Amino acid sequence: ICIMEKQVLESSEERTFQYQDSLPSLPVPPLNESLSKYLDAVKPFLNQEEYQRTEDIVKKFENGIGKELHQKLLERAKTRRNWLEDWWLNVAYLDLRISTQIHCNMAGPGPYIEHCWPPKEGTQIERACVNIWHTLKYWDLLRAEKVAVERSGNAVLDMNQFRMLFCTCRIPGVTRDSIGSYFKTETEGECPSHLIVMCRGRVFAFDTIHEGNMVTPPEIFRQLTYIQKRCHSEPDGPGLAALTSNERTKWAELREYLISLDPKNLTLLEKIQRSLFVVCLDDSSPRATPEDYTEVTRLGLVGDPTVRWGDKSYNSIFFSNGTCSALCDHSPFDAMALITMLSYAEKKIIENEGKWKGSDKVRDIPWPEELVFTVDQKITKEIERTKELYYKKVSDLHLVNYAFTSFGKALIRKRKLHPDTFVQLALQLAYYKCHGRPGCCYETAMTRRFYHGRTETIRPCTMEAVEWCRSMLDPSDGTYQRLQLMHKAFAKHNKMRKECESGKGFDRHLLGLLLIAQEQGLPVPELYVDNAFTASGGGGNFILSTSLTGYTRFTGSALPMVYHGYSFFYAIRDDRIVTTCSSWKSCPETDAEVLCRTVFQCFQDMLQLTVAAQL
């Protein structure tokens, strides 16, 4: 009876991946709906005459080639649960030939400085081992399928991205990269269990399972101390990891060359690819306060390239003053999967006051092994060249990560406004103030209620938003008028978000139609070469590239999508809004600091509007 009861109890618990097979397929929206939404979205960027021309192009497309392409897309969708998945992975990530570590990776600072772990020299290893241990516990839960299934309202969300948090790595190819993912649940079989540690240009590995049991923080402490002592008393390593920051074809060729130098190099590269994640011991001591995370965020995103593996799905970076950061390859997952895991670890860290409260016993586990690559003068030269290029590029990045502390989600909700829309409209107003024109904008919507769903584009620069911005800047308009227009802009944005999350956006649909044309060897339809397409952000031309990183303490960062653009990431908390904004210093028309400060001013202006309305 006991055994039966135990089985009943166990089976009544939801398993992480149990609904994967029953999730709905990604839908293809009706062509006419997508095209009418597209026309709506280009309006802010065109004059009457240009709009007329674009409208004609769209009508022609809808009744001609577009109709055929749409039929072919529907055919493709019949045989696939997600018609977009392979395409998206290739087009958005794996086909890119630029340095993806610089241009695509995402990063974010650890918020532990706000509670358990204020910056303090000499705490790097003790904090790292606690943080690593909680992350390993999460890996353990994931393998046992005990990570809670996420939901949006009642809808179950796709959990596939969680498999990519561990044992996953991008592998460079001469024309297209690939992703190696070696994670397995307990029922699926053996899963790699070693960690990679990078320190002073050297690479080490150690296993996290010893005689069937996971290593404890004191044992991890012993391993990391051993590595650090060796690195600090011996010469620096070659810093091979820097090569991952190369342009992709270049890195693919260098990787092939490394393997031809010595087949052992391939074994070592595979050891890094298969590892759970990479632990980076960085010698920098970035300043960090709860109101200003700029330095720690900057060093997480574009710090020392010799102590991080740019292709790895998760690099956990620990600085010498006990602050930390994460750096991730964006291709296998979107930020929310990582944030879910990091929030779990943070909760545990807080529960235990940042300490390890278990046994101090340290078993006699094998010392870490060093991964010593065979390198020659050519590789050494390439590493130097790569580092030079890397630092030249990233020194041009202007990044700020500030907290707006006057109010947050609590007060915005009290005003019956959606917090995410509140920030997006403030950004639209700020861009308009700084640049005197509307800014085409990309906001990430999540499509995880569908099988292997990832993202859809919300385009926040609507006619409604623009009309409200103009009113805010027109001294002759009164409060009532501005408030009316603001509510219209809110309603429009909320409606778009709902549509995008339920598979009724238009950007991925238009991409699908273009890719069908390319696969069939057809000429690029006029719709995609029309100026309106690019001016409104299509084809990766969004001036504002934005994402909400949720309602947690975790905020993210990435680089602008275009040279004359900005990236803008934000986390919305009860009492504050934490924003990360970046631009290129060498671009004369953009300034991340100015835009961020203007957004903060717009937050105040918008709140004032709702207050004035109540008087």
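Start by selecting Ile132, Leu136, Phe166, Ile220, Phe277 and Leu338: these have the most contacts inside the largest nonpolar core, a set of 56 residues. A nonpolar core here means buried Ala, Val, Leu, Ile, Met, Phe, Trp, Tyr and Cys residues joined through side-chain atoms within 4.5 Å; buried means under 20% relative accessible area, exposed over 50%, and partly exposed in between, with a 1.4 Å probe and protein chains only.

Next, colour the elements that give two or more residues to this core: α7 (124-143), β6 (194-199), β7 (202-207), α8 (217-233), β10 (278-282), β12 (324-328) and α12 (335-351). The largest share, 10 residues, comes from α7. Helices (H or I, at least four residues) and strands (E, at least two) are DSSP runs, numbered from the N terminus.

A word on the source: this is a predicted model, where local features need pLDDT of at least 70 and side-chain atom pairs count only at pLDDT 80 or more, while totals for chains, interfaces and linings use all residues. Residues are numbered from 1 along each chain as its sequence is written, and side-chain values use heavy atoms, with hydrogens and water left out.

Now centre on Leu338. Setting aside neighbours within four places in sequence, Leu338 is in contact (heavy atoms within 4.5 Å) with Leu165, Tyr314, Ala326, Cys328 and Phe333.

Most residues other than glycine have a negative phi. Go to Glu145, in the loop between α7 and β2 (151-152): its phi is near 55°, a positive value. Is Glu145 buried or exposed? Glu145 is buried, with a relative accessible area of 11%. Then pick Cys167, in the loop between β3 (155-156) and β4 (168-171). Its phi is also positive, near 55°, and Cys167 counts as buried at 0% relative accessibility.

Finally, zoom out to the whole chain, with its 21 helices and 19 strands. The C-alpha trace spans about 75 × 70 × 60 Å along its principal axes. Of the 615 residues, 58% are buried. Among contacts with a separation of 6 or more, 76% come from residues 24 or more positions apart.
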